[in-house]
Amino acid sequence: MKQPPPSPQPSAEQLELLAVLEHAMAIAEFAPNGRVLRVNDKYRQIFGYSEQSIGQRRHQQLCAPDPTNRHDFDGLWAGLEMGRPANGRYPYASADGRCLWLESTYVPIRDDAGRLKRIVQIAIDVSVQTEREEVARQRCRQLMLEREESHDRIRQLAFYDPLTDLPNRGLLLIQADQAIARARRERTALNVLFFDLDRFKLINDTLGHPAGDLMLRTIAQRLRSELRTTDIVGRLAGDEFVVVLADCDLRQTTETIRRIQKQLSASCQIAGATLAPSASIGISRFPDDGEDMETLLYYADLAMYQAKSKGRGQFSFFSEEMNRQAQERRTLETDLREALRRRQLQLHYQPQIDLSSGRLCGIEALARWFHPQLGNIPPSRFVPLAEECGLAGELDRWALEEACRQLAAWREAGLEPVTVSVNLSPLSIHDTELPARIADILRRHALAPAALNLEITQEALHGGNPGTLKTLHAVQAMGIGLTVDDFGTGQSCLGYLRHLPIRALKLDRSFVRDLEHDEATRALTEVAMHIGDSLRIAVFAEGVENEEQRRLLTNRGYQVVQGFLLSQPLSADQLSEWLARRWPDR
């Protein structure tokens, strides 16, 4: 039988090359089943096994235990069994559990019959390099994440209000334009609701801006809770919010507004005060009132002012008449500012008389405005306008200054109308600087504090604001009288009266007007007097216009009244003549 030719012997050069490879590289041989047949010292040192212990291992036991890599090794070994070499960077586990990374080449060795005889692995340890690369990759991922977060922050700042997280004006207008385009394509109605919080400036001025911020966040959260996912809500500016109701008819819009109003008006605790928020709401409709957001927003704003004129927590739909009224209002506001600047307003004075003796008890200073083109503008028109456009404080300061100046002039002329009462807005009552300001005015006009009386509305007393109480007590401690004006109207503050330094209550003129014809009004008039008696507070009436009203009030214990029956409001010169006629010796 013919013998196979002997295998060629390696040359000296090849043996030298194998020796270098054995020294430089980690080399292992594995049986087809993965059992370790042989490893060189370099391989064993990398893995940290003794010569005996590594001989008892299989290739699968040297692989990293991470299950996510197991499939890769299974696929690797299956390819080797099919005679396909492999190379790459693979994870392994050292004897002490550390993760190793080897750059490996696997070569399957077959016998003459083509059967898999063994698998040779030649590798180099690249663990340190891999860890550095992983650190670099993590840093790169972190930078990418930070960039994405930075983009998100920029987008948040660009399109969202930082206080409420609602869309800001820019994003709101973009979303609204898209909604209008959709409504135009689908030929559906769309409603723009303009919200303006009632008395929000008062919250900022009396409780501080942090309290105002909390109120805005509360309102934003309540608006979100009442809207559909298809609706849009955003903060326009300050205390103004806008809601866009898509595909919503008139009935659905009204129902949604009433639901929002109910949610908004729920009481909340802010800065130690119990507040019941409310908003005035104006509504414009697409396509009836306009076909672009700018127009719809403008008309909804006009409707909001119409709602605010009705009182707190009201809503109004836009009408063309509002546009005309708004133009007149803007003109009137400009003229009022100019009139205050030029001291063109006047004070008229209405006497307050003791019915039993006919004695003059005091006079009430009432602001009057004669417009050069429009003539007399009633206080019922320009006083609310002053409050809406931020002129109430300036109007109050002017009235205090002018009333005290005139009182000092009368006294210097030998006339002495006892005391002068000045009406103050809620804004001034919440101003902690009010006592110092009044003291300065009295000092400059050489008047005693008892010469001045301040009239405040019940609205100014609501909320139990500690700053208001502090201001009122400071004024009272100076010797200045305090009267609650329009008593009996609005929300009741009877329980709160016990804690206020009030000297008198003035019964609202609506009670006096109905005295002759309404039994319930007569009963309520008696109740008001009993309240004053129980609290040791004087009660008097305004708006007395005939003898029957005077008789009914006298029978119910009212001693001091004012009204056209006794005297209409008079200019300073007219009052001087009136005083001279009634009391020629004074």
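A polar contact is a pair of N or O atoms within 3.5 Å; within protein, one must be able to donate a hydrogen and the other to accept it, and residues adjacent in sequence count only if both atoms are side-chain atoms. I wrote that down before opening the structure.

**Entry 1: ground rules**

I am reading a predicted model, in which local features need pLDDT of at least 70 and side-chain atom pairs count only at pLDDT 80 or more, while totals for chains, interfaces and linings use all residues. Residues are numbered from 1 along each chain as its sequence is written, and side-chain values use heavy atoms, with hydrogens and water left out.

**Entry 2: the domains**

I looked up how the protein chain is divided, and I found domain 1 (16-129), domain 2 (167-317) and domain 3 (336-573). These bounds come from an automatic or database domain assignment.

**Entry 3: where domain 2 meets domain 3**

I noted that the centres of domain 2 and domain 3, taken over C-alpha atoms, are 36 Å apart. Ten residues of domain 2 are in contact with eight residues of domain 3 (contact means heavy atoms within 4.5 Å).

Next I checked the area buried between domain 2 and domain 3, which is about 810 Å², with 56% of it from carbon and sulfur atoms. Buried area here is the accessible area (1.4 Å probe) that two parts lose on being put together, summed over both. On the domain 2 side, R199, L202 and T206 supply 46% of the area buried against domain 3, more than any other three residues.

How many residue pairs are in polar contact across the interface of domain 2 and domain 3? I found zero, with both residues required to be at pLDDT 80 or more. The count of salt bridges between domain 2 and domain 3 is zero too.

I then asked which elements of domain 2 touch domain 3: α8 (200-207) and β10 (273-275) each supply at least two residues. Helices (H or I, at least four residues) and strands (E, at least two) are DSSP runs, numbered from the N terminus. α8 gives the most to this side, with five residues.

**Entry 4: salt bridges**

I searched the whole structure and got 36 salt bridges, each being a side-chain nitrogen of Lys or Arg within 4 Å of a carboxyl oxygen of Asp or Glu. Side chains of opposite charge can pair when their charged atoms come close.

One of them joins D231 and R228, at 2.7 Å from N to O. D231 is buried at 11% relative accessible area, whereas R228 is partly exposed at 38%. My cut-offs are under 20% for buried, over 50% for exposed and in between for partly exposed (1.4 Å probe, protein chains only).

R342 and E338 form another salt bridge, at 2.6 Å from N to O; E338 is partly exposed at 27%.

K506 and E542 also form a salt bridge, with their closest N and O atoms 3.9 Å apart. This pair links distant parts of the chain: K506 is in strand β19 (residues 504-507), and E542 sits 36 residues away in the loop between β20 (538-541) and α21 (547-555). Shared partners join E364, E455, K506, R509 and E542 into one salt-bridge network.

**Entry 5: S280**

I finished at S280, in strand β11 (residues 279-286). S280 is buried, at 0% relative accessibility. Leaving out residues up to four places away in sequence, S280 touches several others, including F194, F195, M304 and Q314.
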